[in-house]
Amino acid sequence: MRIHLIAVGTRMPGWVETAYADYAARLPHECRLELIEIAPAQRGKNGDIARARQQEGAKILKAIPRDSLIVALDEHGRQLSSVDWSGELKAWMQSGRDTCLLVGGPDGHAPEVLSRAHQKWSLSRLTLPHALVRVLVAEQLFRAWSLLANHPYHRA
């Protein structure tokens, strides 16, 4: 089973790439994390936000592997605890299906992406920078795995 983090945005700062790679490398082979970056649509001063969101959404949908479970990260989604993430990871691993976690662009997901998602999750009520979301997702997936493996990383 693979977990695909499909995220709008490219050219992240070095600290993001380092932190993301560190947590992704900690995950075992049976639930490896793969990043798929989507180039953001052009936005200008008077840019058409709906058009940009639609273009990004089309690229996201095209990047989703066939028969994957799709989780859209969205501000209106359900908030989960670290223990909840662990339960979800366990279910994903038992299903054998690939899972896709989708991170939209600066204006969120296109309606087509949200309608295709099996689940919608919110990482926080806070507004988070996209770069930090990658690191947070990778860390929470490692934490979820550590709970399943009785690894001492999670100490709550």
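The lining of the largest pocket divides into nine nonpolar residues, 10 polar and four charged. Here Ala, Val, Leu, Ile, Met, Phe, Trp, Tyr, Cys and Pro count as nonpolar, Asp, Glu, Lys and Arg as charged, and the others, Gly among them, as polar. This is a predicted model, in which local features need pLDDT of at least 70, side-chain atom pairs count only at pLDDT 80 or more, and totals for chains, interfaces and linings use all residues. Residues are numbered from 1 along each chain as its sequence is written, and side-chain values use heavy atoms, with hydrogens and water left out.

## Pocket

The largest pocket has a volume of about 540 Å³. Of the 23 residues that line it, the closest to its centre are Leu73, Asp74, Glu75, Leu128 and His130. Two or more lining residues come from each of β3, β5 (119-122) and α5. The most come from β3, which gives five. Helices (H or I, at least four residues) and strands (E, at least two) are DSSP runs, numbered from the N terminus.

A pocket is found on a 1 Å grid over the protein atoms alone: it is an open set of points where a 1.4 Å probe fits, with protein on both sides within 12 Å along at least five of seven lines, and lining residues have an atom within 4 Å of a point. Grid points are joined across faces, edges and corners, and the volume is the space filled by probe spheres set on the points.

## Nonpolar cores

The largest nonpolar core has 27 residues. Those with the most contacts inside it are Ile3, Leu33, Leu89, Trp92, Leu101, Val137 and Leu141. At least two core residues come from each of β1 (2-8), α1 (14-26), β3 (69-79), α3 (82-95), β4 (99-103) and α5 (130-148). Helix α5 gives the most, with seven. Apart from this core lies another, of 12 residues, among them Ile38, Ile70, Ala72 and Leu102.

A nonpolar core is a set of buried Ala, Val, Leu, Ile, Met, Phe, Trp, Tyr and Cys residues joined through side-chain atoms within 4.5 Å. Buried means under 20% relative accessible area, exposed over 50%, and partly exposed in between (1.4 Å probe, protein chains only).

Which residues does Trp92 contact, leaving aside neighbours within four places in sequence? They are Met1, Ile3, Leu69, Val71, Arg97, Thr99, Leu101, Trp121 and Leu141. Contact means heavy atoms within 4.5 Å.

Thr99 lies in strand β4. Thr99 is buried, at 0% relative accessible area. Not counting residues up to four places away in sequence, Thr99 touches Met1, Arg2, Ile3, His4, Leu69, Val71 and Trp92.

## Salt bridges

The whole structure holds eight salt bridges. A salt bridge is a side-chain nitrogen of Lys or Arg within 4 Å of a carboxyl oxygen of Asp or Glu. The table gives three of them.

| Pair | Closest N and O atoms |
|---|---|
| Arg2 and Asp98 | 3.3 Å |
| Asp22 and Arg26 | 2.9 Å |
| Arg143 and Glu139 | 2.8 Å |

Arg2 and Asp98 link distant parts of the chain. Arg2 is in strand β1, Asp98 is in the loop between α3 and β4, and they are 96 residues apart. Arg2 is partly exposed, at 29% relative accessibility. Asp98 is buried, at 16%.

Asp22 and Arg26 sit four residues apart in helix α1, so about one helical turn separates them. Asp22 is partly exposed, at 36%. Arg26 is partly exposed too, at 35%.

Arg143 and Glu139 lie in helix α5, four residues apart, about one turn of the helix. Are they buried or exposed? Arg143 counts as buried at 18% relative accessibility, and Glu139 counts as buried at 10%. Elsewhere, salt bridges that share partners join Arg43, Glu56 and Asp107 into one network.

## Backbone

Most residues other than glycine have a negative phi. Arg11, not a glycine, has a positive phi of about 55°. Arg11 is in the loop between β1 and α1, and counts as exposed at 78% relative accessibility.

Asp67, also not a glycine, has a positive phi of about 65°. Asp67 is in the loop between α2 (49-63) and β3. Asp67 counts as exposed, at 59% relative accessibility.
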